[in-house]
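User: Hi! I would like to learn how to read the features of a protein model step by step. Could you walk me through one?

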Amino acid sequence: MKIGVYGGTFDPPHLGHMEAARAAAEALGLDKLLLIPAAVPPHKALPPDAVAPQARLAMAAMVADGVNLELKSPGLAEASAAEMDRTGKSYTADTLAQLRERYPEDELWLLLGTDMFLSLQTWRDPEKIISLAGIAAFDRTEADSGGMEGQARRLRERYGARVALVRLPRVMEISSTQVRELLVRNRVEARALLWCQVYGYILREGLYGVSADLKRLSDDDLRCASLSMVKAKRIPHIRGCEEEAVRLAERWGADAGLARRAGILHDCTKYLELDEQLALCDRYGIALDELERVAVKLLHAKTGAAIARHVFGEPEAVCMAIYWHTTGKADMDLLSKVLYLADYIEPSRADFPGLSKLRKLAYEDLDAALLLGCELTIEDMEERGMPVHTNTLQARDYLKGRNR
């Protein structure tokens, strides 16, 4: 197995890091890529306002998840707490020795930016580093190439190093210092330099001096905050549902702005475990029936509605649409119908029998589409031997009565 090792302070990780990680994974044909935030960087001191190590690790994990999404390689990249689990300075030689013990038969590649690569011989134990891993350096421009090639030659001649120069297809001149400064004085510009989930996490956690009123977020900021609460693989569905909800709202005369915000937030608690879902239900006084107490898939609609209301201050119409988007119910309001169908038919949904008909019907006869959606859900649940929630059955019966 070929493993890339990408270290840094990641305070915060930005799109430049993400671009480099993606380019290295492709250029080197990596089977695994580890993003390793330094606990105590040996080359520079962390700024006084540096965020907690666990927050940097969480953001690195989001970037890794984003790389996996963009490369369509689930599990390729991951964040590692290897250096945070050690005391003292985070020397690369120690990290590589630790990884060598864990992966004795595998091929390690240390990924380095230009400045780090050009000074590698000044690091602690450069011989040990080079004996444990190949060196992959990011070659940003043609202008860099001369110095990079010279350094590669010196490392090969002096240490017998294996060196690969990885040309970045898109150079992003960003530093974490610049991002931290922008987060304080111009969040819109900072947002453009960060992976959406990292920016949303910073907003929600109030990192780097950011003081955002979560109940007054713009659509763009709300989207980032919501996406920071889910796995990256859910992003295409949420974005698809958001845009589909807007199209349906415009077709049927619902409020497109509210439809957008309902689409943005509808799955924000999708990946919480059952005990976490039940804890939120207890906190927000959500009454549950017997089936809901054991069916985690049903709970995210209810807890998502609660988060929309209590954390993000969304109006009742948005919260109710989120609340009913999984089971449906009899006599749904227009916005709830729009979100229920948008969730069902958005473009990234994998094909299933009836989907094409449902997509067409959603723009011709809203209630007929809703009825078909309920019937498809009931049929699917029965085929899988799973109980159907009473609200879905009542929604179907109500719509059948209207269509007689």
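Analyst: Happy to; we will go from the whole chain to single residues. Keep in mind that this is a predicted model.

User: How many helices and strands does the chain have?

Analyst: There are 19 helices and six strands in the chain. Along the principal axes, its C-alpha atoms fill a box of roughly 85 × 40 × 40 Å.

User: What share of the residues counts as buried?

Analyst: The cut-off is a relative accessible area under 20%. Of the 404 residues of the chain, 54% count as buried. The chain exposes about 18100 Å², and carbon and sulfur atoms supply 49% of that area.

User: How should I read the contacts along the sequence?

Analyst: Start with pairs at least 6 apart in sequence: 70% of those contacts join residues at least 24 apart. One such separation can be seen at G8, which belongs to strand β1 (residues 2-8). G8 and A38 are 30 residues apart in sequence, yet their C-alpha atoms lie 5.7 Å apart in space. Beyond its neighbours within four places in sequence, G8 is in contact with I36, P37 and A38.

User: Is G8 buried, exposed or partly exposed, and why?

Analyst: G8 is partly exposed, because its relative accessible area is 25%.

User: Which residues does T269 touch?

Analyst: Setting aside residues up to four places away in sequence, T269 touches Q277, L280, H300, T303, G304 and I307. T269 sits in the loop between α12 (256-265) and α13 (274-283). With a relative accessibility of 2%, T269 counts as buried.

User: What does UniProt place at residues 237-346?

Analyst: The unreviewed UniProt entry places the feature "domain: HD" there. In the model, residues 237-346 are 65% helix and 0% strand, with the end C-alpha atoms 7 Å apart.

Technical notes. Residues are numbered from 1 along each chain as its sequence is written. This is a predicted model: local features need pLDDT of at least 70, side-chain atom pairs count only at pLDDT 80 or more; totals for chains, interfaces and linings use all residues. Side-chain values use heavy atoms; hydrogens and water are left out. Helices (H or I, at least four residues) and strands (E, at least two) are DSSP runs, numbered from the N terminus. Buried means under 20% relative accessible area, exposed over 50%, partly exposed in between (1.4 Å probe, protein chains only). Contact means heavy atoms within 4.5 Å. Accessible areas come from the Shrake-Rupley method with a 1.4 Å probe; for residues, only the protein chains shown count as cover. UniProt positions are given in the numbering used here, feature names are shortened, and annotations may be inferred rather than shown by experiment.
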